[in-house]
Amino acid sequence: MGEDDENKRLAYADYWDDRYTETDGGQLHEWFRSFKDLDEFFSRHFYEAYPPGAAPRILHLGSGDSTIPQNLAEKGYGNQLCVDFSAVAVETMSKRHADLGLSDKIQWEKLDVRHMEENIPDASIDVAFDKGTLDAMIHGSPWSPPEDTIANTGMYLREVARVLKPSGIFLYVTYRQPHLIKPLLACEGTNWDIEMEVLGASGGSFGYSGIVCKPRAV
C-alpha cells in the first residue's frame with residue numbers, strides 16, 4: 001500500500017477504531033503538539049478572550065485520546081464537548097474522564113465532524129479546536145488536491161463555520177504549510193478572517209502552525 005493510499009484511510013472511522021483498539025485503553029498519541037507546547041498560543045487567542053468564568057462552550061473536533069480537554073478542565077474550563085467518529089475513542093475517553101471525575105466538565109458524542117447538524121445547533125460554540133483532524137482529510141498533491149479532499153474538507157469547514165457564534169473562534173493546529181492550507185480554509189460557504197503563526201518546534205521536531213479563524217462581520 002502506497003503512502004497516499006494509507007493517508008486516504010485516515011478519513012474513515014474504521015481505521016481509527018482499529019488504531020484505538022490496539023492501545024487497549026492507553027493513549028495512542030498526542031498529535032502534533034502537547035498542551036504545554038500550546039499554552040502560549042492559547043494564552044494569546046483563548047484564555048483572555050474566553051476565561052473559565054465566562055463558561056465558553058468549547059468544541060473539540062476529532063478529539064481522539066488527546067489530554068487537552070482534561071488539561072483545560074484543570075484550568076477551570078467546563079462546558080466542553082468532545083466529538084469523534086471513532087466509537088472506540090468515544091467509549092474509552094468517556095470512561096477515562098468519568099473515572100477522573102470530569103463528566104460534569106467534559107461530555108462526549110460520537111459524531112462525524114462533517115455532519116453535525118442534528119447534534120450541534122447553529123451559532124452555539126465559542127471556541128472550536130482542531131489538532132490534526134482537518135489534516136487527516138487531506139491527501140494527494142498539496143498544490144492540486146483531489147476531489148475527495150476538497151469535498152471532505154469543505155463539508156467539515158462549513159460545519160465549523162455554522163456552529164461558531166459570531167463572536168467565536170476556530171483554533172487549528174497543523175503541520176502542513178499555511179500557504180497550502182489557506183485555500184482549503186477559505187472554501188465556499190465560509191467567511192472568516194484568518195491569521196497564521198508559526199508554533200515553535202521542540203525536541204528537534206519540525207515546526208507547526210497555529211491558525212486562528214474568526215467569523216467575519218457581514
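A salt bridge here is a side-chain nitrogen of Lys or Arg within 4 Å of a carboxyl oxygen of Asp or Glu. By this rule, the count comes to nine salt bridges. The model is predicted: local features need pLDDT of at least 70, side-chain atom pairs count only at pLDDT 80 or more, and totals for chains, interfaces and linings use all residues. Residues are numbered from 1 along each chain as its sequence is written, and side-chain values use heavy atoms, with hydrogens and water left out.

**Figure 1. The whole chain and its secondary structure.**
Seven helices and seven strands make up the secondary structure of the chain. Both are DSSP runs, numbered from the N terminus: helices are H or I with at least four residues, strands are E with at least two. From the N terminus on, the order is α-α-α-β-α-β-α-β-β-α-β-α-β-β. The chain has 218 residues, and 47% of them are buried. Buried means under 20% relative accessible area, exposed means over 50%, and partly exposed lies in between (1.4 Å probe, protein chains only). Contact means heavy atoms within 4.5 Å. Among contacts between residues at least 6 apart in sequence, 71% join residues at least 24 apart.

Helix α3 spans residues 35–47. Its 13 residues would reach 18 Å as a straight helix at 1.5 Å a residue, but the end C-alpha atoms are only 13 Å apart. The expected span is 1.5 Å times one less than the number of residues. A kink of about 50° is centred on Phe41. The bend at a residue is the angle between axes fitted to the seven residues ending there and the seven starting there. Phe41 is also one of the buried residues of α3, along with Phe35, Leu38, Phe42, His45, Phe46 and Tyr47. Their cover includes helix α4 (68–74) and the strands β1 (58–61), β4 (125–131), β5 (164–174), β6 (192–199) and β7 (208–215).

**Figure 2. Two nonpolar cores.**
A nonpolar core is a set of buried Ala, Val, Leu, Ile, Met, Phe, Trp, Tyr and Cys residues joined through side-chain atoms within 4.5 Å. The largest one holds 27 residues; Leu59, Leu61, Tyr156, Phe170 and Leu185 touch the most other members. At least two residues each come from β1, β2 (80–84), β4, α6 (147–163), β5, α7 (178–185) and β7. Helix α6 gives the largest share, four residues. Apart from this core lies another, of 19 residues, including Phe46, Ile58, Phe129 and Val173. In soluble globular proteins, nonpolar side chains tend to be buried together.

**Figure 3. The surroundings of Leu61 and Val160.**
Residues up to four places away in sequence are not counted for Leu61, whose contacts include Val83, Val113, Met116, Tyr156, Val160 and Phe170. Val160 sits in helix α6. Val160 is buried, with a relative accessible area of 0%. Beyond its neighbours within four places in sequence, Val160 is in contact with Leu61, Met116, Ala128, Phe170 and Trp192.

**Figure 4. Salt bridges.**
Side chains of opposite charge can pair when their charged atoms come close. Glu159 pairs with Arg162, their closest N and O atoms being 2.7 Å apart. These two lie three residues apart in helix α6, so about one helical turn separates them. Both Glu159 and Arg162 are buried. Asp193 and Arg216 meet at 2.9 Å, N to O. This pair links distant parts of the chain, 23 residues apart: Asp193 is in strand β6, Arg216 in the segment after β7. Asp193 is partly exposed at 40% relative accessible area, and Arg216 is partly exposed at 41%. Asp112 also bridges to Arg114 (2.9 Å, N to O). Asp112 is partly exposed at 22%, whereas Arg114 is buried at 12%. Glu40, Arg44 and Glu197 form a network of salt bridges.

**Figure 5. Two alanines with positive phi.**
Most residues other than glycine have a negative phi. Ala55 has a positive phi, near 50°. Ala55 lies in the loop between α3 and β1 and is partly exposed, at 46% relative accessibility. Ala123 has a positive phi of about 45°. Its loop joins β3 (106–110) and β4. Ala123 is partly exposed, at 39% relative accessibility.
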